Amino acid sequence: MHAAASPVERFRQLRGAGIAWPRYTTEVVIALSALIAVWAAIQYSQSFMTGLIVGSLYALSAVGLTLIYSIARTPHFAHGDTMMMAAYFTFFALTGVVIGSKGDVVSPIRIDRLPGATDQIWRFSFGYGFLLACVVSAILSIPVLLLINRFIYRPLLGRGSGSAIIAVASLGVAIALRGLILLIWGATPRKYSTGIRDTVQVWKLPRVVADQYFILVVALVLTILVSWLLFRTKLGTSMRAMADNPDLARASGIVAADVTRWTWIIAGVLITAAGTLLALQSQLSADLGFVLLLPIFAAAIFGGVGSPQGAFLGGLIIGVVSEVTVATGLFSPGYKIAVAMVALILVILFRPSGLMGPK
Amino acid sequence: MTDVAPILSARDIVSGYGPVQILKGVSVEVLPGEIVTIIGPNGAGKSTLLKAIFGLLPVTEGHVSLHGVDITRLSTENLVRAGIGFVPQTNNVFSSLTIRENLLMGGFIRDEGLQDRFDWVVSLFPDLGSRLSEKTGKLSGGQRQMVAIGRALMLEPKILLLDEPSASLSPKMSEMVFEKVREINGLGTAALMVEQDAQRALAISHRGYVLAAGENRYEGPASDLLGSDDVRRLYLGA
Ligand SMILES: Nc1ncnc2c1ncn2[C@@H]1O[C@H](COP(=O)(O)OP(=O)(O)OP(=O)(O)O)[C@@H](O)[C@H]1O
Ligand SMILES: [Mg+2]
């Protein structure tokens with residue numbers, strides 16, 4: 001099987017024998033990019049750091065997205081909204097707050113009533129209660145995702161519907177989820193905690209909010225875990241087998257529905273983490289997930305669809321490139337995403353299957 | 001030959017793609033220890049028959065049985081568990097997976113003796129043994145076919161369905177594939193094989209069937225088919 005020839009390739013073919021790229025083109029391009037990255041990291045260290053943090057949120061989201069797309073064969077445009085759903089579940093588990101007819105109603109059963117639940121860990125803005133709430137959120141989010149898959153995506157896939165139909169269905173899911181969030185928690189943005197956010201300086205790195213280190217580390221650890229699972233376990237191998245050749249997976253006795261279910265469970269953990277961390281970094285608001293959809297898809301495509309490491313790298317690059325180019329003053333902040341998209345287009349032009357996608 | 005109960009029997013199979021009926025009542029039988037080859041012109045429905053037997057296409061009429069047990073409506077997953085191995089005509093390996101992973105996926109549902117079986121399959125294809133960590137997509141056509149057959153053998157199937165195992169291989173490579181099929185058969189696995197290379201396939205087979213336009217045309221011992229003037233003229237291109 002051949003991936004479609006890149007425009008550069010086609011251009012070369014059109015020109016007949018045409019231009020042959022010098023032998024070490026790829027290596028030179030990589031080395032140059034690395035140099036630019038190092039220069040940017042020194043010259044614009046604050047923005048570079050912000051880029052890494054924003055990027056690790058994109059990364060975590062894109063890893064889940066890429067699994068859902070390549071294994072469960074669902075172009076999941078509701079990804080951002082399921083992330084926000086999970087973020088609100090965390091909020092609810094922690095604070096017990098929902099909207100009532102006259103202002104907020106607070107459930108008597110909630111995690112922040114536990115003794116010491118909100119005492120800050122290290123310089124983070126949260127205590128163990130927040131971590132516990134994340135776990136509760138995953139326990140609530142995963143069944144919702146499984147139900148959405150069972151009653152919406154799976155019937156469509158089973159009927160042989162094309163990607164476009166499933167994409168539109170997932171947009172429907174996105175809109176419905178956003179509506180539900182507005183209904184239950186209202187349109188006013190919320191926060192997990194109202195306290196001041198400590199900043200820390202680790203070693204000689206730029207000073208950032210302590211929570212952001214938490215975000216960076218969780219994103220990294222979860223991506224490593226997912227890669228380990230995919231490449232080192234039997235379940236992971238069967239997931240890659242399904243992504244590679246679903247018919248042959250069936251002919252090997254692998255039950256597609258089981259593998260898909262596990263994919264959604266793993267994606268559910270990623271979605272919960274990504275959504276909650278995103279809300280921790282900024283705030284809880286119903287639209288946030290949808291706004292993020294573009295960079296998340298960009299990150300997944302950038303890295304090569306189906307590759308979690310690629311999606312992770314793609315997320316970081318998109319984050320850093322958009323923050324740093326704005327910091328240079330050459331572009332106004334409004335162009336952040338545009339710059340990232342140009343970077344994406346350049347990569348796709350030369351490597352149609354992304355940085356780490358199948359050749 | 002009727003006093004031996006067949007391993008696999010497909011009787012009066014009607015099947016096709018959606019409303020398009022391709023098979024109009026095809027019957028084939030495989031006896032224990034046999035290699036049976038199905039030949040016929042392009043589009044005769046040979047692949048369709050294998051897919052119908054293997055539950056990849058709905059069987060609208062007719063019956064399939066394995067060791068006398070009706071398996072007509074079983075799902076593919078359950079047919080694999082019942083002891084049928086299938087090597088498709090195309091896309092028959094996980095090309096982004098390594099050889100080792102391909103074989104392990106073949107044994108995915110196996111609880112016991114996975115390692116033993118893995119070693120056994122590798123010993124059957126010594127060429128693969130030294131390259132177990134290589135991506136299957138990078139292998140030559142012949143090696144890929146070995147992986148495909150090896151994967152299907154991981155569950156110790158009672159019968160192996162092979163769809164054109166020699167297609168697009170060099171004469172030398174296809175010779176080797178047929179040799180392997182014969183070896184596997186010698187170790188006790190029955191085989192039902194569809195082939196373009198009728199001469200070579202029939203040469204290692206016990207019996208053969210000729211399909212055309214979704215119907216049985218001829219059947220008999222492989223040597224009779226090879227010797228029949230009609231079959232030679234119409235289907236063997238001799
Ligand atoms: N997926 C499909 N959908 C609709 N029709 C199909 C499909 N696959 C095959 N057919 C049709 O079914 C008929 C039989 O095809 P089949 O693949 O069984 O032939 P075959 O005997 O295996 O031929 P070949 O020797 O070329 O492999 C052909 O007319 C073909 O056009
Ligand atoms: Mg065929």
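**Helix packing and a magnesium site**

Guide: In this predicted model, α3(A) and α10(A) are roughly antiparallel to each other.

Visitor: At what angle do the axes of helix α3 and helix α10 of chain A cross?

Guide: Helix α3 of chain A covers residues 45-70, and helix α10 of chain A covers residues 256-281. Their axes come within 9 Å. Angles over 145 degrees count as roughly antiparallel, and the axes of these two helices cross at roughly 160°.

Visitor: What is the handedness of the crossing of α3(A) and α10(A), and how many residues of their contact are nonpolar?

Guide: The crossing of α3(A) and α10(A) is left-handed. The contact includes A:I53, A:L57 and A:L60 from α3(A), and A:W264, A:I266 and A:L270 from α10(A).

Visitor: How are α7(A) and α8(A) oriented to each other?

Guide: Helix α7 (residues 210-232) and helix α8 (residues 234-244) of chain A have axes 5 Å apart. They pack at an angle of about 80°. Angles of 65 to 115 degrees count as roughly perpendicular, so α7(A) and α8(A) are roughly perpendicular.

Visitor: How many residues in the contact of α7(A) with α8(A) are charged?

Guide: On the α7(A) side the contact is made by A:L229, A:L230, A:F231 and A:R232. On the α8(A) side, A:K234 and A:R240 are among the residues that take part. The contact has four nonpolar and two polar residues, and the charged ones number three.

Visitor: Which term describes α3(B) relative to α4(B)?

Guide: In chain B, α3(B) and helix α4 (residues 114-124) pack with their axes 10 Å apart, at an angle of about 125°. That angle makes α3(B) oblique to α4(B).

Visitor: Which residues of α3(B) make the contact with α4(B)?

Guide: The crossing of these helices is right-handed. From α4(B), the contact uses B:L114, B:F118, B:V121 and B:V122. The residues of the contact divide into six nonpolar, no polar and one charged. From α3(B), the contact is made by B:R100, B:L103 and B:L104.

Visitor: Which residues coordinate the magnesium ion (ligand 2)?

Guide: The coordinating atoms are an OG and an OE1, at 1.9 to 2.4 Å. One residue sits in helix α1 of chain B and the other in the loop between β6 and α3 of chain B, 42 residues apart. The residues are B:S47 and B:Q89.

Visitor: Is B:S47 buried or exposed?

Guide: Buried means under 20% relative accessible area. B:Q89, at 33%, counts as partly exposed. B:S47 has a relative accessible area of 16%, so B:S47 is buried.

Notes: Residues numbered from 1 in each chain as written. Chains lettered and ligands numbered in written order. Predicted model: local features only at pLDDT ≥ 70, side-chain atom pairs only at ≥ 80, totals over all residues. Heavy atoms only, no water. Axes fitted to C-alpha atoms, helices over the stretch in contact; angles between N-to-C directions. Helix = DSSP H or I, 4+ residues; strand = E, 2+ residues; numbered from the N terminus. Parallel < 35°, antiparallel > 145°, perpendicular 65-115°, else oblique. Left-handed = near helix turned anticlockwise from the far one by under 90°. Contact = heavy atoms within 4.5 Å. Donors = N, O, S within 2.8 Å, 3.2 Å for Na, K, Ca; no water. Buried < 20%, exposed > 50% of the residue type's maximum accessible area, 1.4 Å probe, protein only. Nonpolar A, V, L, I, M, F, W, Y, C, P; charged D, E, K, R; others polar.
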